[in-house]
Every structure is written in structure tokens, then in C-alpha cells.
Amino acid sequence: MNKSIKTIFCAGASLLTLASCSDFLDQTSPSEMFPEVVYNSEIFTEQTINLVYSGMTLDHTYGCRIPLNYAMNTDCELVDAVTDDATRSANERGLCNYVPSTSWNRLPQNWSNMYTMIENANLAIEGINGSNIKNNTKMRHMLGEALALRAMLYFDLVRNYGDVPLKLEPAKSDGSNLYTSKTDRDVIMDQIRTDLWEAADLLPWAGQNGYTTEHATKGFALGLAARVALAEAGYSIRESRKEGYVDLSEKREGQRGISDATYPTMRPGDAKRKELYEFAEKCLSKVIAEGPHRLNASYENEWYLQNQLRLDQTYYENLFEIAHGLNMSGEMGYTAGVRVNNNPNNFGYSNSSGKVKVPATHFYSFDKNDQRRDVSCAPYELKGAETMQTFTNQPFNGIYIAKWDVRKMSEQWLAMNQAVDKKTGYGINWVVMRYSDILLMYAEVVNELIGPNGAGSCGKLAKDALAEVRARAFDASLKTDKVDNYVAAVSADKNSFFKAIVDERAWEFTGEAIRKYDLIRWGLLTDKIIDMFDQHRENINNHYYPEKLYYREDATAPNWYKVDYSSVCWYNEDVPSSTTDMKEATWFGSVFKETDTEINDPKNELYNSMSVICRGLINYDPQAGYQGPAEVANRHLIPIGSETINNSNGTLSNSYGF
């Protein structure tokens, strides 16, 4: 995205052999030097930090696995698997449906790459702390980066695998610390919160000292520390019962309270939970009061900039984004994005996979006037040699993510994609955290500690933080009704406000690999998936979904923008009395079945898919509804790969019934 891309990719190309990256580095590679030489040079130290950043561009880390495989399925995002075979497969489709296979070879690749980056961060931390120039401003900044990046890596290991080995020093020459057993995840999260607080003290804000949002900065360290605290304060499935922790069966209002007898879903006790929320509030208030981060006035523009490979250096809404390189890495726009289907001409190499989908229930949960819906959801694909914008047929699990859109990508991307004949890196950065997340976490935390009308140490009311995010979603003419009146209504009590936060985060972060982890910590993952299916059944049975979409076309527009989106009748009540001057497309017509025989027709995939989607989490019957949890209730974690266990010298094993 900017010149740091070159540095990062050169660093990753040959790890510590960096000779091709610059004339200076042609002379000597850091891998050929002793640590006392490397870490007494700011230039060489920077290259060791870049090793961590470069590892994040790999498919097996943040290029694909973590944002696009491990973060599915939820009530907002589903992988494209609606058949028995697909949801049981030993690949990402099975994993996303909570039926992971320990033999899937990409699990050990993720594990080893994550720990390789941790090892590189450990080397940098140890080297900088032992450096003669460690008090230099630049060295302090780089120490902060290493601490923050290591914390992010451990956090993503913990929230995907559960308890994992904690290693805070480089490998020893005698091999004594090569094989390490698991550490309780709460110990890990306490450690990385401490590290992130230290990192925040060391790091500059975005925009200072040449630091862009492609680097870890003070705002990101504080925001991530708050995210870690909320995860630690929340629920998670455990290998065994923990004394002093609260079982999910002791449910709050609105929860089903589903927990496993052997592997209970638990959260810390109230005192520890309060301490964690207070820590999060302190971090979030600092970002709000002191940082440069603000909301881009336009939700659509923020995502347009991503597609254009341009950093937002006006608002700094993105606190941290993992830098990818055009024609090098990044699956945003390919695995998640508007689908390009068999188009060999206008946008170059075609048939993007579009594996990540939005369920129809989520699409219809948006307010009709919420501008985020059409930026987030694409119920169409760009199809055929003519690149015609074509509505998807039977779209319960056929609505694509619109935030990444080839029609909005840069001229550089277009030239690249027209020159290749196979899948390649789209180069779009993965956004790890946005400022709207800071505001909504803050609203949630202050609500828990005080209430919706309370304020944290930065002085902002919880309800005002919610209103700030929501206001951007609606035209200014609708502010009184859609923002002021809405926020006032949901601010009646803590529980109503919490439910509003749950909803707002769904609408704000569609497709951004956030929802699953929110639902887990709230103890609502199973509940919300059940609710999604219940709502879908109700919508079908009550003919809520239109059987056909009616719309007009803009004759002057190119084929890929031919639909006049403002004319689309998404709701039955919007269809005019006469549609003779309108186009039509089949929408949900084929799922309107009147008899049991028709409903159970194997071809009626949309209806029957409810029995297989998320099958490793719940048992759901399309006619009878929820039938109970799967074999292990709330098993949201993934197993350690067989190869990793076999190579662990007996120190690692799986749990949670895997």
C-alpha cells in the first residue's frame, strides 16, 4: 500500500537474508551478524521487526486463515457450504461449520507460522532490551512494535485454539525450551495485557514519527489491550471447570445458558470481570481523548480507500491494518467480496471464489435506510463475458460481502489482474481494528460499569458513543428518528443497551472477522445461530421474503452497474401496483413450499441446509427447529493439527472432545 510494503515483503522473501532489498543491505545480512551487532543498529533492528510483519502476509496466517477461515460461521457470516458433504469435509468448509478435522494440513501450517513470528518477536524483544542504544527513540518504538505484535499473535492463538504454550524468550541453544506444554489462556491474556500497556507507552500515535496504520501504534496497542480484556472477561469453553468462575448455565437475561457438562463454558467471577472492564475503559478512554483516530464521515469512502490500496491519513479510522502487496498476497476481494463469475474481459482473471457469504436474515435485519447494508452486502454477482450485474438466485447463503469490490479497485490492481491467468494476491490490506470498534467497546464497557447514561474517564457518555457510530449510517435528515430517538429508547436500562450494542456491532462489522469472537465472549454464539435459523424459517413460512425482485436498469451505466439500486423492491410492501416497466429476478420463489413433501424435497437446498450449516455446534431440524447442542456444547475452538501434536515430543494434546 505504501513504501513499507517493499520493506516488509523483502524481509519476508528470504527471512533474514535481505540482500536484494536495498543497496545498503547488499553488503551484509543481519543473519550473518551476531546479535550485539544487529541490535546496536537501528536499521538492522528494523529488519528483524519486519520479519514479524512479513509473516502476517502469509495465507496461513492473516492472508486467509485467521480473517477468512477461522472467524466463520455466525449470524452475520457463513462459508459457502450447504450440503452434507461440504459441511463434513476436511477443509475450511468443515472447520467453519464447527466440524474441524485434525488431519487438515493447514492447521499445523498456521500453528508453525504463528510461532515462527512469535520467535522473531522474542528475538527482537531480547535483542533490543540488551542493546547499548535501547533508549534511542526509534529503538523504544520498535520494542513497542515487537511487544504489540507478539501480543496480537498470542491473542489470536488463544481465541482460536484455547490454552496454548506461552513462550516469552527465544529458543535456547541447548534446546531446553523447544517443547513447551500449554499455559492457561487467562495467564496468557494477563501477560499480553501487561505487554500491550507497556507497548502503548513506547509507541507513537499513528501519523507521528513516520508511523502509518500499517505499523502497530499507540492507539492499536491500547485498543487491542481493551479487546483482550473483554475477551478475558467473557465466556469461553474450558478444558475443565475453574473454581471461582461462572458457568454459562447461570445465564443472564436473554441467554439460553447452554454449557457442556465435561467442557463447561465459563467466565471469570464478578470481581475479576469488573477489574477487566475497568482496565478496558482506561485503555479506550485514552484512545478517544488523546488519539488522532476519528470516524471517516463516509462509511462507503472508508471501504473505497481500502479497495484503492490507499491509507486513510485524514481520519485514521483504521487503527491497524496488515500490509499486503499487489500480486503478492491478500485474499480480500477474492475469497471475500463481490463475486466475479466467468468474466474474462473487463476485470481480468475471473471466478473469484466469494466463499464468505451473508445470510439473508442478516441482510434483512438492517434498517431500510441504513447505508451500511449496501456497502456490506452484495446480493448479486458480476456474471458472464459481459460482466452483467446479476442477482443471486435463492440467496439465504448466497449474498456476498460488498466491502471488497473489483469495480472500486485501483487502476494498478486492474492492470495486474488483466495480466495474469490464475489467482494472485489482490494486495488489499486486512483491517485488524477500526475506530468504530473503539467507540462500541467503550459504550459496552461503560454500560456494564455504570449504565448507558454514564461516562468513562474521557467524559463521553456510553449512549453518545453508540450514537456517534450509528449517526454515520443514516442520512442527516433521519438523525432525529434513527439516531436520537433510537438511542434514547435503548438507553432505558443496561440490558436494553447491551442488546443494542450486540445489534450495532453486527451491522457495523459485517464480514470483518469480529462477530464470532464477540458472540463467544458474550455467551451468545449458539443462541444467535439458532435465532438466525428460527428467523429464516419464520420468514419463509410467513412469505416475508419476496418471491421476485423488481427493479429498473440504468441504460447509460456499464453492465456491472446496470441495476438502479435505489429502485430495487427488497420488501413485498415496496412492490408498486404495476411492474410493467420494471425488470424482475427470482429471489426466494423456489422455497415457498406448501406441503411436507415439497419442503423435504432434496432439491430444496435453501430450506434443508439448516440441518447441516453449523452442524458441529447445534442440531437443527428445518421443520421442528432447534433439537439441542451437538456432541460438545459450544465447541467453538479448533483442534491442534495432528502433525503439530506428533512433533511436540509428548507435550501437546487435544481436548474438548477432539
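Pro67 is buried, with a relative accessible area of 0%; buried means under 20% relative accessible area with a 1.4 Å probe and protein chains only, exposed means over 50%, and partly exposed lies in between. This is a predicted model, where local features need pLDDT of at least 70, side-chain atom pairs count only at pLDDT 80 or more, and totals for chains, interfaces and linings use all residues. Residues are numbered from 1 along each chain as its sequence is written, and side-chain values use heavy atoms, with hydrogens and water left out.

Let us stay with Pro67 for a moment. Pro67 sits in helix H5 (residues 65-69); helices (H or I, at least four residues) and strands (E, at least two) are DSSP runs, numbered from the N terminus. Which residues does Pro67 touch, leaving aside its neighbours within four places in sequence? They are Thr61, Tyr62, Met72, Trp430 and Ala513, where contact means heavy atoms within 4.5 Å.

Trp430 leads us on to strand E12 (residues 430-434), where five of five residues are buried. E12 pairs with strand E5 (residues 318-322) in the antiparallel sense, and Trp430 is the bridge partner of Ile322. Two strands pair if DSSP finds at least two bridges between them.

| Strands | Bridges | Partner residues |
|---|---|---|
| E5 (318-322) and E12 (430-434) | four | Ile322 and Trp430 |
| E3 (246-247) and E4 (265-267) | two | Asp247 and Met266 |

E3 and E4 belong to an open sheet of three strands, in the order E2-E4-E3. Its edge strands are E2 (236-237) and E3, each pairing on one side only. E16 and E17, for their part, form a hairpin with three residues between them.

Now for the largest pocket, which has a volume of about 530 Å³. Among the 19 residues that line this pocket, Trp111, Ser112, Tyr115, Leu178 and Thr644 are the closest to its centre. On a 1 Å grid over the protein atoms alone, a pocket is an open set of points with protein on both sides within 12 Å along at least five of seven lines, and lining residues have an atom within 4 Å of a point. The volume is the space filled by probe spheres set on the points, which are joined across faces, edges and corners.

Which helix gives the most to this lining? Helix H8 does, with eight residues. H8 (106-129) and helix H25 (642-646) each supply at least two.

Notes. 1 Å grid on protein atoms, 1.4 Å probe; cavity = no way out; pocket = protein on both sides within 12 Å on 5 of 7 lines; lining within 4 Å.
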